[in-house]
Amino acid sequence: MIKVSGSAKLCVNYDVELNMTEEQFDALSYRKKEGLINANIDWHDALRNADVTDIDVDDLEEIE
């Protein structure tokens, strides 16, 4: 038997409702927009429907 370790990259679709106008949102910096969206995503729900976009194998180990 082997143990495989690595990382997987996921892609999710999201919808968030923000209490602001489009003009207010556009006036924010990229970093603030990203932070605001990240804070408002329901990650539990979003990850339930995630697609794996990449899998990297970092280590293989024989185990008993």
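For these notes, helices (H or I, at least four residues) and strands (E, at least two) are DSSP runs, numbered from the N terminus. I am working with a predicted model, where local features need pLDDT of at least 70, side-chain atom pairs count only at pLDDT 80 or more, and totals for chains, interfaces and linings use all residues. Residues are numbered from 1 along each chain as its sequence is written, and side-chain values use heavy atoms, with hydrogens and water left out.

**Nonpolar patch.** I looked up the nonpolar surface patch and found I2, V4, L10, W43, L47, V52, I55, V57 and L60, which together have about 870 Å² of accessible area (Shrake-Rupley method, 1.4 Å probe, only the protein chains shown counting as cover for residues). Patch members have over 30% relative accessible area and no salt bridge; nonpolar side chains (Val, Leu, Ile, Met, Phe, Trp, Tyr) are joined within 5 Å, like charges within 9 Å. A salt bridge would be a side-chain nitrogen of Lys or Arg within 4 Å of a carboxyl oxygen of Asp or Glu.

Two or more residues each come from β1 (2-11), α3 (43-48) and β2. Strand β2 gives the largest share, four residues. I then checked V4, which sits in strand β1. V4 has a relative accessible area of 49%, so I note it as partly exposed (between buried, under 20%, and exposed, over 50%).

**Helix α3.** I also picked D45, which is in helix α3. Its relative accessible area is 36%, so D45 is partly exposed too. From D45 to I55 I count ten residues in sequence and 22 Å in space, C-alpha to C-alpha.

Key: Buried means under 20% relative accessible area, exposed over 50%, partly exposed in between (1.4 Å probe, protein chains only).
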